[in-house]
Amino acid sequence: MNCIEKFVEIYGKDPDGISFSPYRICPIGAHSDHNLGKITGLAIDKGIHIAYRPKQNGVIEMASLQFPKRAQWHIKEIGEKTGDWADYLRGATWALSKKHTLSVGLCGVIEGSLPIGGLSSSAAVILAFLNALVKVNQIKLTAQELIDIAFDAEKNYVGVNVGTLDQSCEVLSKAKHLLYLDCKDNKYELIPENSAMKPYKIAIFFSGLEHSLAGSKYNMRVDELRAGVYALQAFAGLDYGKFYQANARDVNFEIYQTYKNKLPAPWAKRCEHWYTEFQRVEAGAEAWRKGDLDTYGRLSFESGWSSIHNWESGAAEQIKLYEIMTETDGIYGGRFSGAGFKGCCMALINPDKADNIAAEVEERYLSAYPEMKGKYSFHLCESADGIGVDL
């Protein structure tokens, strides 16, 4: 791995350990977790590696192969976020230190095995770093504690209104199983592949654009959904508290149907996505259970459509990729991956047609966006275990 070579180059010695967190995909369940919805997801066999050694003086010093400039802070003096790539790691230090006393720092080099944008690389970075930090401090965390601390770091330090979709997929997933998670109570099921299921692999199509959730319209979309929910509670005469406490899960579908025409159009669209996505997740979990990959894939395509038209996410390039995917033979289904602001698309595909799919999508996409030549890329992946398997 390149992170090992870079570590040796910087520090003149081998790392003590390698921490890894997989990336994840969410074929159905996008833009739902932050309002306590349900999701389905899979970890993939690509992700974030960190080569590291402990530092007994409590200093944390991190370098990245993807970003310039090393970052440094002390476990007792984390400070405010600075707006750079290392904020996610500072946030992880901050969140972990609230729960456990830290005495040992570390030096490390981070390497991502795929381009940045759309596979929850921010959550994977936090989790891989947390895994290293707890090991050098001899701390044991349960899978749920790891999820909660990573969530706290991204939401309350970095400032992104995420739910627990990303962290849960990257911690709880199991190869050849679909994670079916209820974000209201964190109950989950790992649904195995049915013997009747068609063979599949996971295709990742990178648009060539990178994105940052903190700098995108992600937070605004979540606020628009909450505004719609807050209004629905008022229309229905329900008790409601502070704005940030409003959750679509607390307002049933019938109330939404009764009062949705009273909502401003943007709020109504965000609500329409959330409620229909909830239904798609439940139907998708049952389809997977039965081995019906065609139905599961169709629902994933529908999720992508709703993300474009109801959640109103996706750069033009990414929308074009999605449209090409829906017209390409051998793709069961797919959608935007991540928040859907730039980044990539993912698809479940027939592995026998992988070469044809790769060639057709690339040709059509670069015909539409020739300036992305050399930036666009295709990657074929498998489902994988989450980081929690090794806790």
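**View 1. The second largest pocket and its lining.** On a 1 Å grid over the protein atoms alone, a pocket is an open set of points where a 1.4 Å probe fits, with protein on both sides within 12 Å along at least five of seven lines, and its lining residues have an atom within 4 Å of a point. This is a predicted model, in which local features need pLDDT of at least 70 and side-chain atom pairs count only at pLDDT 80 or more, while totals for chains, interfaces and linings use all residues. Residues are numbered from 1 along each chain as its sequence is written, and side-chain values use heavy atoms, with hydrogens and water left out. The second largest pocket has a volume of about 160 Å³, a volume being the space filled by probe spheres set on grid points joined across faces, edges and corners. Its lining includes Asp33, His34, Phe151, Lys155, Arg226 and Tyr244.

**View 2. The crossing of helices H6 and H8.** The axes of H6 (residues 218-235) and H8 (residues 265-290), which are lines fitted to C-alpha atoms over the stretch in contact, cross at roughly 95 degrees and come within 8 Å. H6 is therefore roughly perpendicular to H8, a term for angles of 65 to 115 degrees on a scale from 0 to 180 degrees between N-to-C directions. Helices are DSSP runs of H or I with at least four residues, and strands are E runs of at least two, numbered from the N terminus.

**View 3. The salt bridge of Arg24 with Asp166.** The two side chains meet at 2.7 Å, N to O, where a salt bridge requires a side-chain nitrogen of Lys or Arg within 4 Å of a carboxyl oxygen of Asp or Glu. Because Arg24 lies in strand S1 (residues 17-28) and Asp166 in helix H5 (residues 165-172), the pair ties together parts 142 residues apart in sequence.

Notes: Parallel < 35°, antiparallel > 145°, perpendicular 65-115°, else oblique.
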